[in-house]
Amino acid sequence: MIRLTPYAFRLAVLVLPCALVAPDDYQATREEFLEQINAARVAAGRTPLKLSAALSSVAQQRAGDIAAGRERSGRGAEEDLSRAAKAGYEARVVSEIAAEADGGVEDVVSAWKQEKGPVAADLFGKDYREIGVGVSLVAERPLYVLLFALSWEDFFRERTGALSDLERVRRNMLARVNRERDRRGLSPLRRHPYLDDAAQAHADDMFARRYYSHDSPNGNTAIDRVAARGYRARYAGENIARGQYSVDEVMDGWMQSPTHREHLLSPVFNDVGFGLKFGKNPGGYEILWVQNFARPRGRERL
């Protein structure tokens, strides 16, 4: 008989220096779990998992605690969270399964495949990308602790993959902006390279210096940044946003904000430019969006 005890929790953690997994006799068991679980996931149309040394170190320590009777009721999630951070694993989602079993790895995974509760949800969870495995003995019976996880690194890379082509993002945003204007009988805006440059410079600067404001730390405003790129603006406006993963997501937010919507639908502006910066800085993973709107001096509305 196989006894399964599921634990599930979601967390985000800080990154600390990575801890190495101490050598043990269980690596073959870990790899067998990975093979069996990935076979089940592929058959179910799920992404295969990778075996994580950091997560395995956490799972191994947890298995040892359970086997030695050091487990504190209700504290498994908190302990895994703390240990994952110390092991250098920056998790967005983590779930734990512990199982005592008389059978081997194939028997355990086979039993999991027949589950319809939390265990099966973890086995086939679409959000997971990595696994850690710990092994111990309780009264001569094998004890397995598995951690299923999605790191912030994997999550962010997957979510921002479509943003890597900046020119395509800019074209898509211009199309969305002008659709909103066309629906209201307004003239379309056209992209201006100086405004693209100004918007990108502000996105880069906010990312590098870790601030979020229309005014830079040295006091420069949107019209200052536009002028610095060579655009002689009579009027200028700016929208900024952070955290959105697509053009439609950020545009939906701006259109629902009266101030940002006013810039997008203003009949005053002729030209527009777009900037986007994303990645990891000392403050964590970040996405920053900038729109610059302007009308040049000495020119009537086209």
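## Charged pairs and nonpolar cores

Lys126 is exposed, with a relative accessible area of 53%, a value that lies over the 50% cut-off for that class. In this predicted model, the side chain of Lys126 meets that of Asp127 in a salt bridge, and Asp127 counts as partly exposed at 29% relative accessibility.

A search of the whole structure finds 22 salt bridges, and the table lists some of them.

| Salt bridge | N to O distance |
|---|---|
| Lys126 and Asp127 | 3.5 Å |
| Glu96 and Arg62 | 2.9 Å |
| Arg176 and Glu180 | 2.9 Å |

Arg176 counts as buried at 10% relative accessibility, and Glu180 counts as buried at 5%. Through salt bridges that share partners, Arg176 and Glu180 are joined with Arg183, Arg184, Asp248 and Asp252 into one network.

Turning to the nonpolar residues, the largest core has 46 members, of which Phe33, Ile37, Trp112, Leu146 and Trp289 touch the most other members. Helix α10 (residues 247-255) contributes the largest share of this core, 5 residues. When residues up to four places away in sequence are not counted, Ile37 touches Leu49, Val109, Trp112, Leu123, Ile131, Leu146 and Phe148. A second, separate core has 16 residues, among them Val58, Ala63, Ala87 and Val94.

Key: Residues numbered from 1 in each chain as written. Predicted model: local features only at pLDDT ≥ 70, side-chain atom pairs only at ≥ 80, totals over all residues. Heavy atoms only, no water. Core = buried A, V, L, I, M, F, W, Y, C linked by side-chain atoms within 4.5 Å. Buried < 20%, exposed > 50% of the residue type's maximum accessible area, 1.4 Å probe, protein only. Helix = DSSP H or I, 4+ residues; strand = E, 2+ residues; numbered from the N terminus. Contact = heavy atoms within 4.5 Å. Salt bridge = Lys/Arg side-chain N within 4 Å of Asp/Glu carboxyl O.
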